[in-house]
Amino acid sequence: MAEIIKVLKGTKDILPQEVNMWQFLEKKADQIFSKYGFKEIRTPIIEYTELFSRGVGDTTDIVNKEMYTFEKSDRSITLRPENTAGVVRSYIENGMTRLPAPVKLWYHGPMFRYERPQAGRQRQFHQVGVEMFGVKQPTADAEVILTAVNYLKALGLNDLDVEINSLGCPKCRQEFKNKLKEVLKPYFNDLCEDCKNRYEKNLLRLLDCKVESCKKIFEKSEVQEVINSDFICDECAEHYTELKLYLNKMGVNYTENKLLVRGLDYYNRTVFEIKSNNLGSQNAVCGGGRYDSLVAQLGGEDTPAVGFAMGMERLISLITPKEPKKLDGYIVSNFPVDAFVLAEELRHQGLNVEFDLTNRKFTKQLEKASKVAKYAFILGEDEILKHQVSIKNLDNGKQITADRATCTKMLDL
Ligand code: ATP
Ligand code: MG
């Protein structure tokens with residue numbers, strides 16, 4: 001026998017018995033996001049590498065270590081590691097900057113990151129997310145957070161914490177960065193290797209480090225003092241205060257977390273994360289924030305924007321599994337031609353129906369019917385002659401006989 005070829009490490013099949021959960025996530029996304037006026041967009045999975053080095057930022061882990069990149073016809077191409085950059089590219093390229101603001105888009109689909117696979121972390125995973133363009137006011141931030149919260153509620157998830165923070169604008173953040181750099185300097189040699197690199201290239205990302213020895217450093221009183229200082233300028237502070245006001249009015253519970261910085265370069269002002277208490281160490285289900293400079297950075301007109309992305313695998317692991325749908329009917333008959341014809345008749349009437357393609361014994365067919373279907377459509381000689389069919393409810397065993405043309409009207413489907 002030939003050797004079996006296995007699925008790539010860090011990737012997974014979504015099997016037929018799991019697909020209904022994915023369809024549920026997608027259906028709810030369409031329902032809830034539509035309520036807020038978001039329209040679905042589908043962008044390609046492959047993009048020019050430059051989109052991500054410029055859009056996500058070449059000091060980030062994603063761009064430095066995690067991208068699947070290859071050459072084709074002398075062009076460097078990358079499997080998308082996230083979808084904000086792609087949506088922004090499409091927004092610019094398709095002239096959506098000229099549409100009346102806000103432009104609200106949502107997406108779902110596979111993303112690719114070369115990370116160490118573990119529970120809640122894959123190399124091909126899926127995200128569902130929204131992006132809103134053209135509004136600089138904090139109403140947009142609040143509406144995006146509310147959209148996320150209500151989507152999660154619609155999935156039946158309640159035990160979640162919303163964390164928010166403001167990173168300020170590039171101007172006020174610079175002062176903060178200078179102070180942080182200064183106060184961390186004496187501890188430089190005690191930082192982990194990643195943080196040593198981040199110290200020069202992506203200082204804020206340090207605060208997001210999960211290494212215990214680094215966390216200890218951030219707990220030192222003089223470092224805490226810098227972290228907790230109100231560094232943001234008046235305008236940024238007003239934006240943040242208004243956002244909190246809206247969230248309070250809308251009944252969104254949140255906590256403020258000064259250490260929340262997010263892994264991507266493009267955020268300014270609002271950042272937020274939604275965490276679950278039931279997920280172990282990979283506990284973030286949603287990450288998002290405001291990215292006012294990204295559209296211009298990718299060649300478009302200066303346009304403020306805010307959005308979020310959620311990890312669909314993590315959502316799936318939190319929701320209660322749903323029973324896969326049964327067939328409406330399974331035909332039980334030892335007259336294969338008539339069974340075939342009836343199956344097709346019922347399909348035309350809108351039912352999901354199968355019959356035994358191999359014409360096994362009657363009892364075997366009935367056994368199969370009770371496993372896979374809600375109703376058995378029994379077709380014996382008598383029924384065929386009278387152009388009727390006997391229908392057995394496989395839940396309660398009740399059986400009726402009816403005319404073939406009208407029988408489906410009598411069913412509770
Ligand atoms: P994390 O801190 O978990 O690495 P991140 O900051 O890299 O997350 P984002 O890029 O903001 O995450 O992605 C948003 C969401 O996508 C995350 O909150 C998470 O639910 C999910 N996610 C990110 N990376 C993965 C992965 N490798 N496998 C599964 N889900 C992921
Ligand atoms: Mg990550």
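This is a predicted model: local features need pLDDT of at least 70, side-chain atom pairs count only at pLDDT 80 or more; totals for chains, interfaces and linings use all residues.
Residues are numbered from 1 along each chain as its sequence is written, chains are lettered from A and ligands numbered from 1 in the order in which they are written, and side-chain values use heavy atoms, with hydrogens and water left out.

**Asp141**

- Asp141 is buried, with a relative accessible area of 0%. Buried means under 20%, exposed over 50%, and partly exposed in between (1.4 Å probe, protein chains only).
- The side chains of Asp141 and Arg290 make a polar contact of 2.7 Å. A polar contact is a pair of N or O atoms within 3.5 Å; within protein, one must be able to donate a hydrogen and the other to accept it, and residues adjacent in sequence count only if both atoms are side-chain atoms.
- Beyond neighbours within four places in sequence, Asp141 is in contact (heavy atoms within 4.5 Å) with His239, Leu243, Thr270, Arg290 and Val306.

**Ligand 1**

- Around ligand 1 there are 14 residues (a heavy atom within 4 Å). Arg113, Glu115, Gln122, Arg262 and Ala284 come nearest.
- A polar side-chain atom of Arg113 lies 2.7 Å from a ligand 1 oxygen.
- A polar backbone atom of Ala284 is 2.8 Å from an oxygen atom of ligand 1.
- For Arg314, a side-chain N or O atom is 3.2 Å from an oxygen atom of ligand 1.
- Taken alone, ligand 1 exposes 590 Å², and the protein buries 89% of that (Shrake-Rupley method, 1.4 Å probe).
- Strands E6 (124-133), E10 (284-290) and E11 (305-311) each give two or more residues to the shell. E10 gives the most, with three.

**Nonpolar cores**

- The largest nonpolar core has 101 residues. Such a core is a set of buried Ala, Val, Leu, Ile, Met, Phe, Trp, Tyr and Cys residues joined through side-chain atoms within 4.5 Å.
- Phe33, Phe133, Tyr151, Leu180 and Leu315 have the most contacts inside this core.
- Helix H5 (residues 138-154) supplies the largest share of this core, nine residues.
- Leu180 touches Leu203, Leu204, Leu207, Val226 and Ile227, leaving aside neighbours within four places in sequence.
- Another core, of 16 residues, lies apart from the largest one; among its members are Leu342, Ala343, Phe377 and Val389.

Key. Helices (H or I, at least four residues) and strands (E, at least two) are DSSP runs, numbered from the N terminus.
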